[in-house]
Amino acid sequence: MQPNKGYRNIYSLKFHLVLVTKDHCKVIDSEMLARLREIMTATCQKWRCKLEDFYGDESHVYLLIDFPPEVQLSKLVNNLKTVSSRLIRKEFKACIDSFCKDAFWHGTYYIASCNGMTIEQLKDYVEQQSLPSH
């Protein structure tokens with residue numbers, strides 16, 4: 001694993017992000033998942049980040065993101081959620097209108113430095129957790 005080179009730094013910073021649909025509704029199908037990948041990839045690029053891995057199921061998406069030290073993670077995550085929610089609600093309106101008129105994603109998210117953890121290991125961890133209270 002080669003570190004990245006910035007203007008005045010050399011770094012290797014990666015984090016896992018898990019987003020869950022509002023009320024854990026199982027609405028993500030293969031077409032929506034492919035579109036979410038495109039949206040997340042483009043948004044990461046705008047932040048000078050790289051989406052290194054992406055996986056999803058009916059109600060979750062799991063991302064592995066490489067980022068430069070100057071990126072504020074809370075702002076990046078907020079932008080990923082906002083942009084993807086707006087576009088998915090617009091493009092898949094008929095599929096999801098009944099449950100997410102105001103938001104596609106749950107208000108909370110899971111974020112962790114990856115320390116070599118794979119997306120599959122992260123998925124297993126999240127599946128073992130109890131559902132959060134609303």
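## Leu17

Leu17 sits in strand S3, which covers residues 14-21; strands (E, at least two residues) and helices (H or I, at least four) are DSSP runs numbered from the N terminus. The model is predicted, with local features needing pLDDT of at least 70 and side-chain atom pairs pLDDT 80 or more, while totals for chains, interfaces and linings use all residues. Residues are numbered from 1 along each chain as its sequence is written, and side-chain values use heavy atoms, without hydrogens and water.

Leu17 counts as buried because its relative accessibility is 0% (buried is under 20% relative accessible area, exposed over 50%, partly exposed in between, with a 1.4 Å probe and protein chains only). Beyond its neighbours within four places in sequence, Leu17 contacts residues including Val61, Leu80 and Tyr110 (contact means heavy atoms within 4.5 Å). Asp102 lies 85 residues from Leu17 in sequence, and their C-alpha atoms are 22 Å apart.

## Ala112

Ala112 belongs to strand S6, residues 105-113. With a relative accessible area of 22%, Ala112 is partly exposed. Leaving aside neighbours within four places in sequence, Ala112 is in contact with Phe15 and His16. Between the C-alpha atoms of Ala112 and Val18 there are 9.1 Å, although 94 residues separate the two along the chain.

## The whole chain

The chain has four helices and six strands, in the order β-β-β-α-β-β-α-α-β-α from the N terminus. Its C-alpha trace spans about 50 × 30 × 25 Å along the principal axes.

Of the 134 residues, 40% are buried. Among contacts with a separation of 6 or more, 69% join residues 24 or more positions apart.
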